[in-house]
Amino acid sequence: MLTINHLTKTYGDKKAVDDLSLCINPGEIYGFIGHNGAGKTTTLKSIAGILGFDEGEILINGKSIKDKPIECKKEMAYIPDNPDLYEYMTGIKYLNFIADIYGVPSEGRNDKIRKLSDIFGLTDDLGEAIAAYSHGMKQKLAIVSAWLHDPKLIIMDEPFVGLDPKASHELKTMMREFCDKGGAIFFSTHVLEVAEKLCDKIAIIKNGQLIKSGTMEDVRGDDSLEEVFLELEAE
Ligand code: ATP
């Protein structure tokens, strides 16, 4: 579903991502962890096609994000770390705008919006301007919009930040269901307990380089993910 081959991205003299290769298959929830400034957001933005990169290739379902950006973007959804949505729009206008862009058929669209918004208790707020939303409400709206067009791959940058406990629980359930139906998710998080419980596979990045990846069992062994992470950070 997602193949990253030798991705390298520099900002001026600084190598933010250094020769990173990773493969994410259908059905997998793949967690991406690393210290502040390790290169997670840079990697995720490169996959989403909103940041160019210097070397390597990123393939979404076999298609290059550089050569076929529109085709790739049709198949994926990206939730950034800050839900900077169009504040002047109402929630419902924003969701219809996103649905129009991705060609979600009008038939059944309202039901879909209602069903997803209901999960997060957001339905009654959809008539309000996004400017009046709290951070968590904006995050919920971004999640609803990502699920709206039935993507095959969802990329998320710290999706649990700002969500209340119920919304976090609902998101975890949605992630599992999405991948059980053949979707794939690649997401970053600093919450190692969540990653440990939720992820099938995990990748650890340090100073732009992938230092460990594989199934949760392989990466963790008999230790906790936190112990493994702290040990690798100390090396
Ligand atoms: P965090 O956990 O704090 O969100 P991260 O793992 O997502 O961090 P990135 O945002 O990808 O890290 O940053 C990786 C490196 O690239 C850092 O050293 C950062 O300072 C640098 N960097 C990121 N964006 C830019 C930019 N626009 N210009 C210059 N350097 C940048």
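**Note on salt bridges, sheet and core**

1. Arg109 counts as buried, at 9% relative accessibility; here buried means under 20% relative accessible area, exposed over 50%, and partly exposed in between, computed with a 1.4 Å probe on protein chains only. The model is a predicted one, in which local features need pLDDT of at least 70 and side-chain atom pairs count only at pLDDT 80 or more, while totals for chains, interfaces and linings use all residues. Residues are numbered from 1 along each chain as its sequence is written, and side-chain values use heavy atoms, with hydrogens and water left out.

2. The partner of Arg109 is Asp100: their side chains meet in a salt bridge, at 2.8 Å from N to O. A salt bridge is a side-chain nitrogen of Lys or Arg within 4 Å of a carboxyl oxygen of Asp or Glu. Asp100 is exposed, with a relative accessible area of 52%, whereas Arg109 is buried. In general, side chains of opposite charge can pair when their charged atoms come close. The whole structure holds 13 salt bridges.

3. A further salt bridge joins Arg220 and Glu196, whose closest N and O atoms are 3.2 Å apart. Arg220 belongs to helix α8 (residues 216-220) and Glu196 to helix α7 (residues 192-198), so the pair ties together parts that are 24 residues apart in sequence. Helices (H or I, at least four residues) and strands (E, at least two) are DSSP runs, numbered from the N terminus. Arg220 is partly exposed, at 22% relative accessibility, and Glu196 is partly exposed at 22%.

4. Lys63 and Glu75 also form a salt bridge through their side chains, at 3.3 Å from N to O. This pair links distant parts of the chain: Lys63 is in strand β5, and Glu75 is in the loop between α2 (69-74) and β6 (76-79), 12 residues apart. Lys63 counts as partly exposed at 22% relative accessibility, whereas Glu75, at 14%, counts as buried. A network of salt bridges links Lys63, Glu71, Glu75 and Lys152.

5. Strand β5 belongs to an open sheet of four strands, in the order β2-β1-β4-β5, with antiparallel pairing. Two strands pair if DSSP finds at least two bridges between them. The edge strands are β2 (14-24) and β5, each of which pairs on one side only. As a general point, strands of a sheet pair through backbone hydrogen bonds, either parallel or antiparallel.

6. The pairings may be followed across the sheet. Strands β1 and β2 are antiparallel and share seven bridges; Lys9 stands opposite Val17 in β2, and Ile4 stands opposite Leu22 in β2. On β4, the bridge partner of Ile4 is Ile58, and Thr3 stands opposite Leu59. Five bridges join β1 (residues 2-11) to β4 (residues 55-60), again in the antiparallel sense. β4 pairs with β5 (residues 63-64) over two bridges, also antiparallel, and Ile60 stands opposite Lys63 in β5.

7. Two hairpins deserve attention. In the hairpin of β1 and β2, which has two residues between the strands, Gly12 in the turn has a positive phi of about 60 degrees. The hairpin of β4 and β5 has two residues between its strands, and Asn61 takes a positive phi near 50 degrees.

8. The largest nonpolar core has 50 residues. Such a core is a set of buried Ala, Val, Leu, Ile, Met, Phe, Trp, Tyr and Cys residues joined through side-chain atoms within 4.5 Å. Helix α5 (residues 135-148) gives the largest share of this core, seven residues. Leu141, Trp147, Met175, Ile185 and Phe187 have the most contacts inside the core. Not counting residues up to four places away in sequence, Met175 touches residues that include Ile29, Phe160 and Leu198, where contact means heavy atoms within 4.5 Å. Another core, of 25 residues, lies apart; among its members are Val17, Ile24, Ile65 and Leu153. In soluble globular proteins, nonpolar side chains tend to be buried together.

9. What is the nearest side chain of opposite charge to Lys206, which is buried yet has no salt bridge? The residue is Glu233, 5.3 Å away; Lys and Arg count as positive and Asp and Glu as negative, with His and the chain ends not counted. Lys206 is found in strand β9 (residues 201-206). The side chain of Lys206 reaches the backbone oxygen of Glu233 at 3.3 Å, and a polar atom of that side chain lies 2.8 Å from the backbone oxygen of Glu235.

Note on methods
Polar contact = N/O pair within 3.5 Å; in protein donor to acceptor, adjacent residues only side chain to side chain.
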